[in-house]
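User: I would like to learn how to read helix packing and a few backbone features in a model. Please take them one at a time.

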Amino acid sequence: MTLLAVRPHPDDESTSTGAMLAYYHGRDVRTGVVICTGGEEGEIHDSDLDPVADRSRLGELRTQEVKNACAILGVAELRMLGFRDSGMAGTPANQHPEAFANAERVEAVGRLVRIIRELRPSVIVTDPPGGMYPHPDHVMCYEISVDAFHAAGDAQAFPDDGPPWQPKKLYGVAQIDDGAWEKLTPKFIDAGFDMGWMERRPRRSRGPGPETATVALDVRSYSEHQRRALLAHRTQIPPESFLVSLPPELRSLAFATAYFVRLSPPSTPGEHEADLLDGLDETPGVV
Ligand SMILES: [Zn+2]
């Protein structure tokens with residue numbers, strides 16, 4: 001195992017890391033995915049399902065969907081961490097005793113340490129500090145990934161969870177505003193998409209620019225793999241979604257670059273690497 005992505009919900013592996021996973025599979029790099037929760041609090045967009053009657057088996061359905069998506073992305077190993085979706089911040093699901101956000105930290109970290117020691121990745125990719133967005137599971141995903149990254153190589157920590165293995169590098173997915181969407185908006189409109197939602201968004205200051213990312217991967221060639229993986233999440237992503245219905249050329253431009261920030265060892269301001277695997281030697285991960 002070379003690269004392991006730790007993601008909060010079934011579909012997060014495809015939305016923010018899908019093209020990256022396909023990119024490395026295309027380079028014969030062995031990849032893995034850990035999904036922290038069953039995604040039980042998601043919506044049901046699959047028109048073949050009943051949004052009420054099928055709700056109780058949503059976790060089961062989404063587990064199958066992530067299996068299908070990982071097969072499309074060439075992921076060699078998929079593991080479910082087994083916690084319950086905590087729901088959006090401020091919803092009743094936050095109080096569920098099995099919710100990921102309510103898990104004992106040591107229990108959640110221990111489960112992830114066990115997987116890291118078994119799969120022995122050199123590089124781990126997770127959510128950025130504070131989560132991709134302030135969903136309790138995204139925040140928790142980041143927190144347990146940092147703790148498990150450090151604990152996995154510590155022989156004193158979790159001694160019953162396998163022999164120590166220290167991955168070399170930990171990255172967070174970076175949400176970068178590189179101006180691509182702004183430039184492409186007239187083309188989206190020409191292609192018949194209603195981009196009013198972009199204009200209706202509350203005015204916000206520009207996000208961090210590409211210079212703040214440690215790694216910028218050109219994933220244009222893997223846009224179609226990512227689209228098919230997204231479509232495997234039938235309950236979450238309807239075929240008319242903007243995410244999957246752009247014409248192929250436009251889609252590859254809209255999702256051309258995947259950005260990451262190195263969290264450990266911490267990147268220095270202005271530091272750039274050509275690739276997530278930069279600097280790894282022949283025997284990565286040796287403790
Ligand atoms: Zn999510």
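**Reading the helix pairs and the backbone**

Analyst: Helices α3 and α8 are roughly antiparallel to each other, a term for angles over 145 degrees, where under 35 counts as roughly parallel, 65 to 115 as roughly perpendicular and the rest as oblique. This is a predicted model, in which local features need pLDDT of at least 70, side-chain atom pairs count only at pLDDT 80 or more, and totals for chains, interfaces and linings use all residues. Residues are numbered from 1 along each chain as its sequence is written.

User: At what angle do α3 and α8 pack, and how far apart are their axes?

Analyst: Two packed helices are described by the angle between their axes and the distance between the axes. Axes are lines fitted to C-alpha atoms, for helices over the stretch in contact, and angles run from 0 to 180 degrees between N-to-C directions. Helices are DSSP runs of H or I with at least four residues, strands are runs of E with at least two, and both are numbered from the N terminus. For α3 (residues 58-73) and α8 (residues 223-231) the angle is about 165 degrees and the axes are 8 Å apart.

User: Which residues of α3 and α8 meet?

Analyst: Contact requires C-beta atoms, placed from the backbone, within 7 Å. A69, I72 and L73 of α3 meet H225, R228 and A229 of α8. The residues of this contact between α3 and α8 are four nonpolar, one polar and one charged. Ala, Val, Leu, Ile, Met, Phe, Trp, Tyr, Cys and Pro count as nonpolar, Asp, Glu, Lys and Arg as charged, and the others, Gly among them, as polar.

User: How do α4 and α5 pack?

Analyst: Helix α4 (residues 105-119) and helix α5 (residues 136-151) pack at about 50 degrees, with axes 9 Å apart. That makes α4 oblique to α5. Their contact has eight nonpolar, one polar and one charged residues.

User: Is D11 buried or exposed?

Analyst: A residue is buried if 20 or more other C-beta atoms, placed from the backbone, lie within 10 Å of its own, exposed if 12 or fewer, and partly exposed in between. D11 has 24 C-beta neighbours inside 10 Å and so counts as buried. Its phi is near 110 degrees, a positive value in a residue other than glycine. D28 also has positive phi, near 60 degrees, but counts as exposed, with 8 such neighbours inside 10 Å.

User: Where is the cis peptide bond?

Analyst: The cis bond joins S264 and P265, with omega about -10 degrees. P265 lies in the segment after β7 (257-264).

Technical notes:
Contact = placed C-beta atoms within 7 Å.
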